[in-house]
Amino acid sequence: MTAAMTPGFAWWHVLRGLLLGAAGIATITAVIFGLKQVVPVSALAGLYVLPILPVAIGWGVWPALIVAVGSGLTFDFFFFPPLFVLTPTDAYIVTIMVISGVTAIVVSALAGRVRQRAREAESLAREVQRVAEEQAALRRMATLVARAAPPEEIFAAVTAEVGRVLSADVTVLSRYDPDGTATIVDGWSSTGGAVPAPVGSRFPLGGRNVHTVVFHTRRSARVDRAEASGPAIEAFRALRIRSALGAPIIVAGQLWGVMIVLSTRQEFLPADIEARLAGFTELVATALANAEAQAALTASRARIVAAADTTRRRIERDLHDGAQQRLVSLTLQLRAAQAAMPSEAGELTEQLDGVASGLTGVLEELREIARGIHPAALAEGGLRPALKTLARRSAVPVRLDVGVGVDARLPEQVELAAYYVVAEALTNTAKHAAATVADVQMAAGEGVLQVWVRDDGRGGADLTRGTGLVGLTDRVEALGGRLRVHSPAGAGTTVEIALPLTDVGARQS
Ligand SMILES: Nc1ncnc2c1ncn2[C@@H]1O[C@H](COP(=O)(O)OP(=O)(O)OP(=O)(O)O)[C@@H](O)[C@H]1O
Ligand SMILES: [Mg+2]
């Protein structure tokens with residue numbers, strides 16, 4: 001379209017320059033006619049340089065030379081004797097025309113240089129702005145990665161940022177699956193509309209397309225429409241793509257997926273796109289590596305906590321079914337033997353009585369230890385009765401406020417964590433706080449269990465000074481929750497937890 005218009009446009013443009021020159025020559029001629037009574041004509045000939053200057057600056061050397069020749073001839077015709085006759089070969093007229101011509105050439109060359117410099121400055125400014133926008137986009141991405149935003153948020157941000165920065169028509173982020181397919185995890189379109197292959201679309205690799213070439217080479221690849229084939233192309237058929245470029249996303253040495261830039265335009269995608277894309281794909285890879293490391297850490301913490309719980313449950317069972325039962329039956333046997341004693345046994349009966357109450361005391365102590373190891377009562381009755389027992393046994397008076405949401409059975413690991421937090425916080429209150437009262441508050445709703453244990457003691461709790469609060473932090477974070485301790489010196493201590501109510505493990509009885 002533009003190419004077709006160019007010749008007509010150029011002629012019209014040149015004609016305008018020549019008309020301006022002609023108007024200038026006419027004006028100067030009129031001025032010289034007006035002045036020639038007072039100023040010698042030879043001194044006014046130089047005025048004909050004036051119409052040459054704007055034409056040389058605005059239209060270049062050839063129109064300026066035509067105006068220069070026109071000026072010389074006009075002067076010759078109107079003011080150089082013999083008047084109203086052309087004598088272009090006269091030395092004086094030739095000199096005037098040579099001076100005008102040189103002026104036209106020099107001024108147009110200078111103007112060309114100035115225009116060239118201006119163009120260079122403009123393209124430099126555009127380049128600087130492009131780099132600045134790209135840096136800003138990378139910075140926004142890096143901020144998202146640094147604050148460990150969820151992968152979906154990062155995928156959406158990277159497709160949009162890359163699309164805008166590289167002026168793409170469509171960008172797509174795909175993940176390679178182990179069964180030889182690719183799944184679209186995000187897509188962006190410059191029109192703001194939907195991408196033909198929506199998030200979650202899956203297609204087998206094969207044929208010649210960026211999905212497949214990047215998968216096989218683990219390098220950036222370009223594929224143009226003429227050579228493209230395969231299921232990935234079918235998925236984007238509605239787009240009329242002319243060229244596509246893909247860059248691999250490699251996480252911890254493994255090919256994870258591909259970032260793709262699609263263009264429906266005739267021009268080729270710029271040569272430096274691969275390098276510019278790399279900054280973005282590296283950030284996505286970092287985000288994925290971080291998310292994987294975080295998930296692995298949480299899973300391993302959960303495994304450690306679960307293994308410890310299993311051991312505690314086993315010890316509690318062994319105590320309950322073994323030592324405790326033996327003690328119970330020994331006590332019963334002793335009581336029976338006591339009952340069978342002749343009444344004259346006197347002192348011996350008293351001694352046996354002492355042994356029997358000693359045994360009962362040991363049994364009670366053993367039960368207490370077993371409860372501390374693993375609260376079997378929690379599995380039977382849930383949090384409310386278990387908390388009541390904790391409150392009753394606490395050395396500091398406890399005010400209990402348990403919301404009705406807590407009465408429904410919660411995931412086992414959540415109940416256990418909440419129980420241990422309250423037990424440890426109350427033990428700490430008794431051990432360290434010198435408090436007069438403790439408040440335990442528990443509420444469940446909107447997928448979260450929240451627990452607060454507050455005391456009015458001396459404050460100053462410090463997680464680095466023991467293992468109780470640190471162990472609880474591990475337990476709570478392994479469940480995806482968080483634990484906070486607020487304990488200003490002299491102003492009491494609050495231990496607060498929030499636990500997501502997702503079932504993290506099958507309930508074990
Ligand atoms: N309610 C509280 N009031 C005042 N200080 C507290 C309170 N809770 C904890 N602390 C302080 O914080 C420290 C850490 O508590 P943490 O429960 O982690 O360890 P601990 O109770 O000393 O030992 P353990 O490992 O047996 O629990 C305690 O040593 C204590 O100095
Ligand atoms: Mg403690």
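Let me start with S100. Not counting residues up to four places away in sequence, S100 touches I52 and A68, where contact means heavy atoms within 4.5 Å. S100 sits in helix α5; helices here are DSSP runs of H or I with at least four residues, strands are E runs of at least two, and both are numbered from the N terminus. With 3% relative accessibility, S100 counts as buried. Buried means under 20% relative accessible area, exposed over 50%, and partly exposed in between, with a 1.4 Å probe and protein chains only.

A word on the source. This is a predicted model, in which local features need pLDDT of at least 70 and side-chain atom pairs count only at pLDDT 80 or more, while totals for chains, interfaces and linings use all residues. Residues are numbered from 1 along each chain as its sequence is written, chains are lettered from A and ligands numbered from 1 in the order written, and side-chain values use heavy atoms, without hydrogens or water.

Back to helix α5, which spans residues 91-146 and contains V98. V98 is partly exposed, at 47% relative accessibility. Because E122 and R126 are four residues apart in α5, about one helical turn separates them. E122 is partly exposed at 48%, and R126 is exposed at 51%.

Next, the core. The largest nonpolar core has 33 residues, and L383, Y419 and M442 are among those with the most contacts inside it. Such a core is a set of buried Ala, Val, Leu, Ile, Met, Phe, Trp, Tyr and Cys residues joined through side-chain atoms within 4.5 Å. Elements that each supply at least two residues include α12, α13 and β8. The largest share, 11 residues, comes from α13.

E424 is partly exposed at 22% relative accessibility, whereas N428 is buried at 15%.
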